[in-house]
Amino acid sequence: MSPFVLSTLLLSLGLGTTLTFASTHWLLAWMGLELNTMAILPLMAQNHHPRAIEATTKYFLTQATAAAMILFASITNAWILGEWNIQLTSHPLSTTLIMLALSLKVGLAPMHFWLPEVLQGLDLTTGLILSTWQKLAPFILILQLSSSNPNLLIFLGLTSTLVGGWGGLNQTQMRKILAYSSIAHLGWMILILKFAPHLTSLALLLYIVMTSSIFLALKLNNTLNLNSLATSWTKAPVVSTIVPLSLLSLAGLPPLSGFMPKWLILQELTKQQLPLTATLAALSALLSLFFYLRISYAMALTMSPNVTSASAPWRLPNPQFTLLMTLTTTLTLFLLPITPTITSILLF
């Protein structure tokens, strides 16, 4: 792909997200979401591989369905109430349809069926964009509608945490594991959205940082499945030492950064007289912890040659740019001590 086309697509991605962020009118927000979708499709299909084309087609059909639902619900709301303003969307039918459509866009369970298959068909760079940047625009709309139907949000959140935990248990492909990890983390964000939106923002920002760290490390090692993780030591020994810690941070273990949002979310759910919800969310985190530990074991405690038929590569200098991976990994591991500062900034 030429640099001019690539820069045009990336600028379109930024423009679509910015347009949705700045919109108070449903039609403009819908246009921003569609611009985002149209800009990432060429990036997804650039490999000209049947698996990539299949993933692109699935993603397009899913996003088109969600966009049609949003447009229908916003027109229904304008027809009944005479308002296109996002803040004035109050009709139960419209708010429920829009919430379900936005859940389909980001991949919340039970509308998650497309995310693992689509992510499996993409290269790691495009998968990183799909797992991080593409969630920002729908999330700002979910945030603005969070007061409309709290019971639906709690249902979606609990379902996502459980599906994300159970779905990743028997996976061997790294991109599918990260897709189920995304579903589980989205569930945590949605659970607390009604009661503490600043904690949702904190969880989303930390999820983006941690997921970026993992994707960039996998790209550095060119690793796509569990079996090939055992050969990572011969490619990048330092990365093979740090990535298991990043995975444990993604699982939410102290004293790593990923413990911060889960700890605060469980505390807030308990304050809101929802002990059963907090208990189910905490138990679902144990399911996610299991497959993160599987990856950590394969990467840090297994040496090649092992049962895999892959040959051990030579340890050659890697020419890739690693500054971004260094920054995201540092944030993934060491943010917990400044939790009070971060929460106070988000509250303002």
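## A walk along the salt bridges

Start by selecting Lys 58, a partly exposed residue with a relative accessible area of 30%. Here, buried means under 20% relative accessible area, exposed means over 50%, and partly exposed is in between (1.4 Å probe, protein chains only).

A word before going on: this is a predicted model, where local features need pLDDT of at least 70 and side-chain atom pairs count only at pLDDT 80 or more, while totals for chains, interfaces and linings use all residues. Residues are numbered from 1 along each chain as its sequence is written, and side-chain values use heavy atoms, with hydrogens and water left out.

Glu 54 and Lys 58 form a salt bridge, with 2.9 Å between the closest N and O atoms. (To count as a salt bridge, a side-chain nitrogen of Lys or Arg must be within 4 Å of a carboxyl oxygen of Asp or Glu.) Both residues sit in helix 3, four residues apart, so about one helical turn separates them. Helices here are DSSP runs (H or I, at least four residues), and strands are runs of E (at least two), numbered from the N terminus. Glu 54 is partly exposed too, at 36% relative accessible area.

Next stop: Arg 51. Which residue forms a salt bridge with Arg 51, with the closest N and O atoms 3.2 Å apart? Select Glu 117 and you have the partner. Glu 117 lies in helix 5 (residues 114–120) and Arg 51 in helix 3 (residues 50–81), so this pair ties together parts that are 66 residues apart in sequence. Check the surface as well: Arg 51 is partly exposed at 22% relative accessibility, and Glu 117 is partly exposed at 27%.

Keep Glu 117 on screen and pick Lys 176. These two form another salt bridge, with closest N and O atoms 3.3 Å apart. Lys 176 is in helix 9 (residues 174–191) and Glu 117 in helix 5, 59 residues apart, so the pair links distant parts of the chain. Is Lys 176 buried or exposed? Buried, with a relative accessible area of 18%.

A search of the whole structure finds four salt bridges.

To finish, jump to Val 5 in helix 1 (residues 3–22). Val 5 is partly exposed, at 37% relative accessible area.
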